Amino acid sequence: MIKFLRLTFLRPVERFLAQWISVSTEPSAFVRERIRLGDTTNFLKQLKRESLSSVCLRLQFPLKHANCTSSDCLLSCGRPSVHRADEVNAKAWAAFAVVVVAALGATVGPAASEEAAPDGIEIVDVPLIAWVTSRAHALADSLVNFTTADGRTEQFREFIEKLATLDRTRAAELAKDLHYQLVEIDEDGKKYLVASDDSGSGRDPTIVINTAPARDIILEAPHVPFEFGTAEQAVILLRDLDGVAALVSGAHRCASKSFTACDGKTEVCTPGTQRQFPDSDAGHNTRTLFHTAHLVLADHWNKAIVVSLHGMGDDNDGLRTSLIISDGARAEDLDRTHPATKLRVAMEDVAAPGKVVSCNLLADEQHEAPPLCGFTNIQDRNVNGDADECRDSVDQGTGRFIHMEQDKILRKPYAQNWSHIEDDAFAKRLIEAFKSVVPANP
Ligand SMILES: [Zn+2]
C-alpha cells in the first residue's frame, strides 16, 4: 500500500484522479481499446500477473486519442475518448475517487510524494519492458506532417549525448525543455535510463540507456507500433545481451499525411498502391528525432553493432521464409565475416515454420524470399558509411549493421508473452546466436 501511494502520487492529485476514473470504470474495455489502437498487447497479461505494477501501469498508461494533443491529454480527453458510453459509471467512480483521495490526503504530504535519485531523475518501479511498451504512439493518419524545428533537433541531439555519457543532471534539465519524461528503472540490479516523449503527442522516440553495458550492440525498432512485438524484442535483446541502448519509434510509420524527401517506395500505408514513404517513417526520413538519436548513439558507441528489428507479413509465396537477415549492403558477404551473415549461419536450423535466409549469401537466393533487405533504410545506410543516406543505397558496407525481417509467428511471443520469453525456442536461440556473433566486452 505504501508503495502504491508513492507511485500514484508521483503525479498531481487531479491528474491522478482523471487517470483513476479513466482506467477504473471499465478496465477490460480500456485494454481492448489499447489493442485496437495497435498498442501493447501484453498489457492485460501484465495486469493480471503483478498487481502492484498493474496499478502503476494503469495510472501511467497514456490514454491517447487522435484529438488529444496537449500534455494534459489525460485530463481533458482520457475519459470521453475511452468511456463515452459509460458516463454514469464514470461519475460514480469520480465520487468514489474523491472520497479515496480525501481519505488518503492526510497521510500523503509532499515529502512522501516521490522517490528520486540524487540527480532528480524519477525512479519508477515498473518492469522495463512494460514501461517502454506503454509509451504513447501517434496513430496512423493522425498528423498533417512530421516536421521538427531545427532548434528542437539540436537540443535533442545534446540530450541524447548527455544520456549516452550518463550526465544525468544536464539530461534531466534538457528533458524538461524538450517535454521528455526521464526515469530510471532498476531491474535485477541493473539500472536503465528511459527517456520518452511526454508531450502527449506520441510523436517522438523512446530511448533506453543501459548504465553498465557489457556488449557493444544497439537495438532499434523504427516501426512501432505498426510491426507488433518489435518494441518488446528491442528491450528484451538490450536486457538479455546487456547491450548499450535501445531506440523505439514514437509515431506510427503511417502517422503523417506528408512524404519524406528520401528515396524508396512502399505500399504499407496505401495497400495496393506504391507511394513514397511518409515522413513519419523513422526508417526513411533523416529529419526525425529517431534518426538524430540513432546518429548520436551509433557515433558514441562507434564500434557497436546496430540491429534494426522489423516485422513482415507471412511469406506464403513459394518456399516459405520466416526470417530475413541482411547486413544492409547489396554485395555478397563472400567470406561470411559480417555479423549479419554470422547470425544467419548461427540460426541455420532454428525451428521456424519458414527458412532463415540472408540477403548477402548467393546460396540463399534459391528461397526467393521477399526483397526485404533494408537497402532503403537510412539508419542502415548511415552505419554502412553512405555519404548520402537519404538517396543512395550501399554496395559494400561496414558490417556494423544487422537488418531483421520477421514473420508474425516469430514476433508473437514477444508481443504476447514477453514476461516468459525464455520459454520460447526462437527467442532463446536468437539470444544465444547474438551472444556468439557479438562477444561481450573484455
Ligand atoms: Zn519495418
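Two strands pair if DSSP finds at least two bridges between them. Strands (E, at least two residues) and helices (H or I, at least four) are DSSP runs, numbered from the N terminus. This is a predicted model: local features need pLDDT of at least 70, side-chain atom pairs count only at pLDDT 80 or more, and totals for chains, interfaces and linings use all residues. Residue numbers start from 1 along each chain as its sequence is written.

Start with the sheet. It is open and has 10 strands, in the order E1-E2-E3-E4-E6-E5-E9-E12-E10-E11, with mixed pairing. Strand E1 (122-123) and strand E11 (355-358) are the edges; each pairs on one side only. Strands of a sheet pair through backbone hydrogen bonds, either parallel or antiparallel. Strand E5 (residues 217-221) and strand E6 (residues 245-248) run parallel, joined by 4 bridges. Here Ile218 stands opposite Ala245 in E6.

Now look at the helices on the sheet. Angles run from 0 to 180 degrees between N-to-C directions, with axes as lines fitted to C-alpha atoms, for helices over the stretch in contact. Helix H9 (residues 150-164) lies across strand E3 (190-197) and strand E4 (206-210), at about 25° to E4. Helix H11 (residues 230-241) lies across E4, E5, E6 and strand E9 (305-311), at about 170° to E5. The loop between E5 and H11 holds Pro225. A cis peptide bond joins Val224 to Pro225, with omega about 5°.

H11 also meets helix H15 (residues 408-416). Their axes lie 8 Å apart, at an angle of about 75°. The two helices are therefore roughly perpendicular, a term for angles of 65 to 115 degrees. Residues are in contact if their C-beta atoms, placed from the backbone, lie within 7 Å. H11 contributes Thr230, Glu232, Gln233 and Ile236, and H15 contributes Arg411, Tyr414 and Ala415.

Which residues of H15 are buried? They are Leu410, Arg411, Pro413, Tyr414 and Ala415. Buried means 20 or more other C-beta atoms within 10 Å of a residue's own, exposed 12 or fewer, and partly exposed in between. The buried residues of H15 pack against H11, E9, strand E10 (321-326), strand E12 (401-406) and helix H16 (425-437).

Finally, check two loops. His179 lies between helix H10 (168-178) and strand E2 (180-187). Its phi is near 60°, positive in a residue other than glycine. His179 counts as partly exposed because it has 14 C-beta neighbours inside 10 Å. Glu368 sits in the loop between E11 and helix H14 (378-383), and has a positive phi near 45°.

Key: Contact = placed C-beta atoms within 7 Å. Parallel < 35°, antiparallel > 145°, perpendicular 65-115°, else oblique.
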